[in-house]
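Work through these exercises with the model in view. Try each task before you read its solution.

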Amino acid sequence: MDAIAREPIGKGEFRRVFGAGLVGALLLFGVMFWYSAVWVDEMCYTDPAVNLSAGRGLTSSVWPGQPADRFFASNTPLHPWLLAGGFKLFGVHRAVMQAMNVLWLVSACWIFWLASGRLGLVRTAGGRFAFFLIALLSSGSYYAVGSGRQDAIGIWISAVTTLAASIQRRGIRLLALGVCGAVMPWAGLQIAAYAAVVSVLLLVVLRGRNWRSVVALALGILAGWVGLKGLYAAQGVSDLFAGQATAQGHFSGWRSLADWNVHWGGGMLDPSLLGLLLVAVVLGLAAARHSWRSHAAKRSFLGVVSVMWISVAMLQLGRFPLYYAWMAILPVAACVCAAAESLASLRQSRVVLVAVTVLSLAWLPVWIALASSMAPRRNLAAVETLVSQVVKPGDVAVGDFASYYALLPRAKRFYSESYVTSPVLSEAERRSITVIVVRPLFAPAVLRALGGEWELQPLSLGSPQDPPLPLNCWDYQLQVWRPRVGALPPDPRQRE
């Protein structure tokens with residue numbers, strides 16, 4: 001079965017993949033809605049869209065180093081623009097952000113499935129179905145879309161780029177790749193870096209036969225980068241963009257294995273990625289016993305090489321955290337599925353495809369069981385109850401990721417704890433703050449930054465003495481502070 005016949009995509013396969021996508025999307029949304037906890041990245045990536053939908057322009061008061069009265073330049077603008085559209089239509093709710101992320105993901109996986117068939121990467125219906133399920137329900141996909149970040153849009157742009165590469169007519173293909181490249185910097189600088197890393201890998205694997213496509217994509221990325229820089233220059237925030245966004249991704253020099261911790265190289269610890277890597281190694285070695293030149297051996301080892309190359313290259317360009325694991329999962333999943341379907345025995349092929357799919361998705365029931373056990377300490381309803389009892393109309397609040405959504409509709413203005421402890425906090429902003437609702441760990445730094453005398457209120461949520469949750473997960477602990485009457489100096493403008 002080395003020269004495996006290519007099966008065209010039929011209506012039955014389309015209906016099966018489409019139905020599985022809808023079921024998988026609902027499952028992911030349910031897990032996110034009930035079990036994912038708000039964390040700092042979700043607040044940071046959501047806030048610019050909240051302000052834009054509320055008529056305050058593309059601004060943010062939660063990013064350290066990003067003044068609240070200047071155009072948002074701490075990250076790229078495509079995600080907040082699109083998310084603000086969803087908030088305009090359906091209101092500012094966490095579920096809206098989660099639903100949009102899931103929709104981006106499932107549509108990207110449908111596109112990947114179509115592109116895998118058109119490019120001949122995965123040749124059988126069974127192999128493509130397994131690849132689709134892994135792409136949609138892997139732990140890497142969940143980490144990417146469940147944290148409220150912009151990565152779901154990056155996955156979608158990557159899928160469209162892959163589909164563009166399958167276009168037969170050269171002129172249209174090159175134009176489409178150029179357009180995709182132009183969008184990448186606006187979707188996220190890490191997406192442009194990822195495209196460069198994968199392009200280098202494909203140039204080597206294909207021995208330069210795809211150089212025209214790589215050049216078109218690179219020219220598009222360059223054009224998109226120039227346009228993005230032009231936007232920030234026109235808004236007078238080039239300095240912010242250089243200091244906030246571009247400083248986060250840069251060539252860092254060689255990072256040793258000691259640097260491969262959860263923050264820098266945690267993507268290599270992704271459960272689905274580890275499972276796929278293990279299968280690729282075992283499958284490749286087993287196939288190599290018969291022939292090193294077999295399709296199964298070559299595709300398996302290509303999967304191993306792609307994981308090593310992508311993770312190391314992204315780490316050197318900046319970092320490879322857990323929510324970037326999808327960048328390595330997608331290519332190794334395609335390679336493993338292609339290797340499995342090229343085994344000599346059809347029965348062996350089906351067994352391996354089922355096994356690798358189950359292994360890649362095994363994290364999901366484990367995470368549901370673990371997250372449900374942590375749910376009482378990660379209950380947003382309890383946060384809502386606390387905030388409704390302590391916040392008064394007209395309050396200007398300092399909060400953190402746990403209190404963010406509860407404070408938004410109740411406070412006149414919201415500042416994050418990291419914003420008020422950064423140098424961009426103005427004197428007028430400092431004097432306007434009337435309530436603090438933050439984690440006990442953050443309270444000392446916030447109180448020092450604001451000055452004056454503050455009183456701890458009797459109502460709170462959780463306790464610093466609570467035992468730590470497993471896997472370094474966070475819970476919702478909140479303290480409430482208000483200024484002591486007459487303790488803060490009056491605003492100088494009130495004396496005039």
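**Exercise 1: Two neighbouring helices**

Task: find which residues of helix 15 meet which residues of helix 16, and work out how the two helices are oriented.

Solution. 
- Step 1. Val-336, Cys-337, Ala-340 and Glu-341 of helix 15 touch Ser-349, Val-352, Leu-353 and Val-356 of helix 16. Contact means heavy atoms within 4.5 Å. Helices (H or I, at least four residues) and strands (E, at least two) are DSSP runs, numbered from the N terminus.
- Step 2. Sort this contact by class: 6 nonpolar, 1 polar and 1 charged residues. Ala, Val, Leu, Ile, Met, Phe, Trp, Tyr, Cys and Pro count as nonpolar, Asp, Glu, Lys and Arg as charged, and the others, Gly among them, as polar.
- Step 3. The axes of helix 15 (residues 326-341) and helix 16 (residues 346-361) come within 8 Å and cross at roughly 155°. Axes are lines fitted to C-alpha atoms, for helices over the stretch in contact, and angles run from 0 to 180 degrees between N-to-C directions.
- Step 4. Helix 15 and helix 16 are therefore roughly antiparallel. The cut-offs: under 35 degrees is roughly parallel, over 145 roughly antiparallel, 65 to 115 roughly perpendicular, and the rest oblique.

Before going on, note that this is a predicted model: local features need pLDDT of at least 70, side-chain atom pairs count only at pLDDT 80 or more, and totals for chains, interfaces and linings use all residues. Residues are numbered from 1 along each chain as its sequence is written, and side-chain values use heavy atoms, with hydrogens and water left out.

**Exercise 2: Partners of helix 4**

Task: describe how helix 4 packs with helix 1 and how helix 4 crosses helix 3.

Solution. 
- Step 1. Helix 1 (residues 11-35) and helix 4 (residues 94-119) pack at about 150°, with axes 10 Å apart. They are therefore roughly antiparallel.
- Step 2. The contact includes Phe-14 and Phe-18 of helix 1, and Trp-110 and Trp-113 of helix 4. Its residues divide into 16 nonpolar, 2 polar and 2 charged.
- Step 3. The axes of helix 3 (residues 78-90) and helix 4 come within 10 Å and cross at roughly 125°. This pair is therefore oblique.
- Step 4. Leu-82, Leu-83, Gly-86, Phe-87 and Phe-90 in helix 3 meet Val-96, Met-97, Met-100 and Trp-104 in helix 4. That contact has 8 nonpolar residues, 1 polar and no charged.

**Exercise 3: Confidence**

Task: where does pLDDT stay under 50?

Solution. 
- Step 1. The chain averages a pLDDT of 92 (the predictor's confidence in each residue, from 0 to 100).
- Step 2. The stretch under 50 is residues 489-496.
- Step 3. Where pLDDT is low, predicted coordinates should not be read in detail.
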